[in-house]
Each structure stands twice: as structure tokens, then as C-alpha cells.
Amino acid sequence: MICELCKEKEANKRNTHYLTDSIIRTCLNLDGVNNRETGFYFDVSNNTPFVNFNFQRGTSIPKLEESLRREATEEEIEKAKDIPFSVDNVFCSQCEDIFTSIEIPFIETILPQFRQSDLTGTNRIILTQNKTVKLFIYLQIWRTAICEEVYNLNEETMENLRLTILNSNTIENCDIPNFPFHITYLETVGDEKAYTNNFVGCTSDRNPNIIFMNDFVIQFFENDNEIKTLEFYGLNQSNDLEQHINTDNEEIIIKVLPNQRRLDIVGSIYKEEKVQKSVSYFIGTFSKQWFLIFGGFPHSNLIQEYLQFITTGEFDILKYTQESIIEKTTEFIDSKLK
Ligand SMILES: [Zn+2]
């Protein structure tokens, strides 16, 4: 395999994160501490009715099962061996050093302005370090497009981003391409654990593609004509998207949403993307089985009774696997046949 960045050297690097580790790390740990490879995270980007529950290497199976409140499946145990949002043999060691040289200035000079500041009453932050910020954002976008099958950009954009990153050490600020993008910072108040409510992942079926990386959300557009406000669970509620899109290489405006808005957004993503899908999936499974036996669809009261039965009153999405739902559904129908 040839490295995707330089297109010259052997892609010898393993475990390269394609979203910067120090940004996503606090979100991926169950207790929010900065120990790598000990926690859990939730993947909302999959299209199944189940939360794709992932956990990082080193997570103990008893701890996992305690959180799931059920036994872990073979597949989940297998997954414990993977490091999330990282890839093997896509980039080379020299290019990994380029990534690091872009990431460090952002982590050292920009990140503290968000994570270590009191943002009460702040609606936006204007950053004058255009090159530092833009290279960092482009790096996340380009690597995600390389590594995530669902995140796609056109060839010309990809090549432009690749060359910008490859030549990042020497490129002049004024020569950095001006792709329109919008960054939302989700103020995260509380201790480190508060970050574990946030999401990491990207959307696939929407334009623009959106990357959630913990407390930062990137909306990227390939050209000015594509700029549009997409209502995404309240992310762009205030309808001021265009005011926060950079148009030159002078400064970068970052929109700040207060902690409560963050909680509203993550809450509605969770509810809409997962709980609703799961409930319709459960109802569908039940109705089909019922139809096969009785030749008609169940009455709505019976559906409610069924939902009550399988969720035992409280809806904890992590408790269910496809197998357990089928088993419980059969059990419920059996009880009705007696
Ligand atoms: Zn390389």
C-alpha cells in the first residue's frame, strides 16, 4: 500500500487516528479521563436500529457487560481489539509527522481558548491564526474522506486538500485554499465526564457532510454554491450559518453554542436517530410475527402492551440486541397464545 498523502512511500504506519486523538479522547472514555483505550463510545452514524456500541481496546469484559446490563456478543468482544477512528497502512511515518506538525499548534494555542476558558455569554470566537486553524480543519476533513467510506468529496477538492496538507510546512497563509466551512463549538460544562455525552462520527446522507468530533462540529462545503443551512437537530437553529463562514485568509469565526444547547442537540440526535428507529423496528418485528400467526395486524393497545413488555417500562437502548428482541417478541406472542 502506498501512502495516501505523499503517494510515494510505503504506508507503513499503524494506528493512525484520522480524527485528532486529543480532541476526541475525552469523549471516548467512559469516565472522561485521559487514559487511552479504556472507554466506550457510541456510533450514531450507522443506519441500523441499534446503537453501534463500540468500546476501546483494553476495556474489560465485566465492565462492558455491567454497562450494557447484558452479556457482550462475540462481535462486540472482537471489536474491543480495534482502536476507534484509527487506520493501519494508509499513511507513512513521514506523513504522520506532517499530521503532528499541524495538530500541535492547534492543540497548544487554539484548544485552550475553548476548553480552558469560561465561555458564559460568548456567541462566537474570532481566531486570527488562520493558517493554524485552517490546516487543522482541512486535515480532519481530508483524512475522514480518505478513511470513512461514507464521507465523500469530489476528486478536485481531495487533491487540493492533499497538496495543502503535504506542503503545509512551506505554504504561505495567502495560498491556503478557501473552502467554505462552518465550525460550531459546543460548550461543555462540567468535569471531564461531561464530554462523554458528546458524539464522534460523521453523517453520510446529507449535504454538507458533518463531522462531529466531541465538542467541535465541522460542516464543510466544497464551493460557495453549496452553502446552505441544514437543520440538523438544532445545530443551525439560529439561522446565521453564513455569518460564521470564512471567506478569506484573514481570520476564522467559530460559533459557540452554550452548554444547554449542546445538551438539547445531543439529546435530540440520540432520541431521533436511535430511540425512534429502535421503537419502529421493534413494532415492525412484532407486527410481522403477529401477522404470520393471526393473519392480521395487532391493535394499537396490544402494541403498547408489547413495548411495555420488552422495555419493562424504561427504555434503555443499550440493553437490546437483534437476537434478544426476537426472543422477547416470541415470548410475548407465546404468552398471548396461552
Ligand atoms: Zn506519506
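1. A salt bridge is a side-chain nitrogen of Lys or Arg within 4 Å of a carboxyl oxygen of Asp or Glu. In this predicted model, a search of the whole structure finds seven of them.

2. Zinc site. Four cysteine SG atoms, those of Cys3, Cys6, Cys92 and Cys95, coordinate the zinc ion at 2.3 Å. The angles between the four donor atoms run from 104 to 117 degrees, which makes the arrangement tetrahedral. Along the sequence, the donor residues follow the spacing C-x2-C-x85-C-x2-C. Cys3 and Cys6 are both buried.

3. Arg14 and Asp88. These residues form a salt bridge in which the closest N and O atoms are 3.4 Å apart. Arg14 is in the segment before β1 (16-17) and Asp88 is in the loop between β4 (86-87) and α4 (93-110), so the pair ties together parts 74 residues apart in sequence. Arg14 counts as exposed because its relative accessibility is 52%. Asp88, with a relative accessible area of 35%, is partly exposed.

4. Lys255 and Asp240. Here the closest N and O atoms of the salt bridge are 2.6 Å apart. Lys255 belongs to strand β10 (residues 252-257), while Asp240 sits in the loop between β9 (216-220) and β10, 15 residues apart. Both Lys255 and Asp240 are buried.

5. Glu305 and Lys336. Their side chains meet in a salt bridge, at 2.5 Å from N to O. Glu305 lies in helix α9 (residues 300-311) and Lys336 in helix α10 (residues 322-337), so the pair ties together parts that are 31 residues apart in sequence. Glu305 is partly exposed, at 37% relative accessible area; Lys336 is also partly exposed, at 34%.

Definitions and conventions. Residues numbered from 1 in each chain as written. Predicted model: local features only at pLDDT ≥ 70, side-chain atom pairs only at ≥ 80, totals over all residues. Heavy atoms only, no water. Donors = N, O, S within 2.8 Å, 3.2 Å for Na, K, Ca; no water. Tetrahedral: all angles 85-135°; square planar, octahedral: opposite > 155°, others 65-115°. Buried < 20%, exposed > 50% of the residue type's maximum accessible area, 1.4 Å probe, protein only. Helix = DSSP H or I, 4+ residues; strand = E, 2+ residues; numbered from the N terminus.
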